[in-house]
Amino acid sequence: MDLDVFVSAHRAEWDRLDALLRRQRRLTGTEADELVALYQRTATHLSLIQSSAPDPQLTGRLSQLVARARSAVTGTRRASWRDVTGFLTRGFPAAVYRSRHWWVPTALLSTVIAALLGWWIATHPEVQSSIAAPSELRDLTRPGGEYETYYSSHPAASFAAQVWTNNAQAAAMCLVLGVFLGLPVLWILFQNMLNLGVGIGLMSSAGRLDTFLGLVLPHGLLELTAVFVAAGTGLRLGWTVIDPGPRSRRTALAEEGRAALGMAIGLALILFVSGAIEGFVTPSGLPTWARIGIGVAAELAFLAYVYVLGGRAARAGDTGDVDEAERSAVLPMAA
């Protein structure tokens with residue numbers, strides 16, 4: 001496309017749209033119809049320039065013009081409680097449901113890796129000695145040792161807040177860094193599984209694996225599921241860079257990226273629940289079966305939330321992306 005010819009052919013339309021947007025008085029019916037038509041044409045022009053002859057200065061000008069026109073056409077919209085309810089009952093669970101083919105295998109493979117690491121550490125004393133000195137290992141694994149007192153070392157509220165912050169940051173990093181072909185996500189996931197495997201291996205070698213699982217499972221089921229969802233979604237985002245499918249790479253990344261950022265908010269809420277369990281339930285005096293039962297109930301509630309509400313919303317066409325009226329205009333792609 002000859003950009004100079006294209007600009008000369010359509011400059012008058014862009015100037016006219018700009019003039020209509022600057023009008024201080026109320027537009028007449030004819031002018032309002034003209035504004036809508038010019039907005040649609042200018043959005044198409046912007047897509048054409050972005051795809052075939054990108055020019056930063058012209059793209060910036062038209063992007064601002066299209067954004068102003070969209071605001072004028074759709075009106076300024078404020079978030080409401082209806083938006084929050086829609087996000088929690090449709091958008092977020094639908095996004096998690098749509099990503100299940102990524103995060104479920106991620107969860108299964110990661111769990112196997114953590115178990116294998118734990119078995120390797122438990123059955124190889126030389127590996128244990130490379131982790132810490134024998135006296136330090138005893139301090140970690142003995143009754144009343146650091147693995148047990150860790151969960152009650154701080155006031156429950158501050159401990160829950162600290163755990164929630166750390167886990168929410170890890171989940172957000174998985175979602176955001178997935179765009180780098182998923183490689184940072186794999187590293188973050190491996191670090192989490194390594195830490196879990198070390199705990200399993202050391203406590204198992206001391207004959208106290210049941211105690212360790214009794215401390216980890218109440219909060220760990222929901223916490224790790226949230227991390228797996230974030231990691232799987234990040235890997236999906238990374239794969240979108242490689243294979244965007246029938247969409248343009250720019251459009252695919254925009255759609256999947258917006259859904260991923262929305263999931264970061266939803267997962268922060270899920271991790272808040274797991275952090276509260278870790279801060280108040282895990283170190284409590286409840287019997288082990290009761291603490292694990294609370295963790296299992298929280299996990300089953302989340303899975304039902306995703307597969308029932310999320311599945312229903314996904315089948316109805318919800319993807320977790322923003323509403324169509326709030327998306328940038330794009331040209332249809334040939335299949």
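Is Glu34 buried, partly exposed or exposed, and what is its relative accessibility? At 28% relative accessibility, Glu34 counts as partly exposed, where buried means under 20% relative accessible area, exposed means over 50%, and partly exposed lies in between (1.4 Å probe, protein chains only). The structure is a predicted model, in which local features need pLDDT of at least 70 and side-chain atom pairs count only at pLDDT 80 or more, while totals for chains, interfaces and linings use all residues. Residues are numbered from 1 along each chain as its sequence is written, and side-chain values use heavy atoms, with hydrogens and water left out.

The chain contains 13 helices and 0 strands; helices (H or I, at least four residues) and strands (E, at least two) are DSSP runs, numbered from the N terminus. The radius of gyration of the chain is 26 Å, well over the 20 Å that the globule rule gives for 335 residues, so the chain is more spread out than a compact globule. Here the radius of gyration is taken over C-alpha atoms, and the globule rule is 2.2 Å times the number of residues to the power 0.38. Along the principal axes, the C-alpha atoms occupy a box of roughly 80 × 40 × 35 Å. Of the 335 residues, 40% are buried. Among the contacts (heavy atoms within 4.5 Å) with a separation of 6 or more, 77% join residues 24 or more positions apart.

Helix α1 covers residues 3-22, which makes 20 residues. The distance from its first C-alpha to its last is 26 Å, close to the 28 Å expected at 1.5 Å a residue; the expected span is 1.5 Å times one less than the number of residues. A bend of about 50 degrees occurs in α1 at His10, the bend being the angle between axes fitted to the seven residues ending there and the seven starting there. His10 is itself buried, and other buried residues of α1 include Phe6, Val7, Trp14 and Leu17.

Side chains of opposite charge can pair when their charged atoms come close. A salt bridge is defined as a side-chain nitrogen of Lys or Arg within 4 Å of a carboxyl oxygen of Asp or Glu, and by this rule the count comes to 9 salt bridges. In one of them, Arg16 is paired with Glu34, with the closest N and O atoms 2.9 Å apart. This pair links distant parts of the chain, as Arg16 belongs to helix α1 and Glu34 to helix α2 (residues 29-52), 18 residues apart. Arg16 is partly exposed, its relative accessible area being 29%.

A salt bridge also joins the side chains of Asp18 and Arg68 (2.9 Å, N to O). Asp18 lies in helix α1 and Arg68 in helix α3 (residues 56-74), so this pair ties together parts that are 50 residues apart in sequence. Asp18 counts as buried at 18% relative accessibility, whereas Arg68 counts as partly exposed at 33%.

Arg90 is located in helix α4 (residues 81-98) and Asp318 in the segment after α13 (288-315), so the pair ties together parts that are 228 residues apart in sequence. Arg90 is partly exposed at 44% relative accessibility, and Asp318 is partly exposed with a relative accessible area of 23%.

Two further residues were examined individually. Ser110, in helix α5 (residues 100-122), counts as buried because its relative accessibility is 4%. Apart from neighbours within four places in sequence, Ser110 is in contact with Leu189, Met193 and Phe228. Tyr150 is placed in the loop between α8 (146-149) and α9 (156-177), and Tyr150 is partly exposed at a relative accessible area of 41%. Between the C-alpha atoms of Tyr150 and Ile292, which stand 142 residues apart along the chain, the separation is 18 Å.

In an unreviewed entry, UniProt lists residues 102-122, 168-189, 259-277 and 289-308 under "transmembrane region". UniProt positions are given in the numbering used here, feature names are shortened, and annotations may be inferred rather than shown by experiment. In the model, residues 168-189 are 77% helix and 0% strand, with end C-alpha atoms 14 Å apart. Residues 259-277 are 100% helix and 0% strand, and their end C-alpha atoms lie 27 Å apart.
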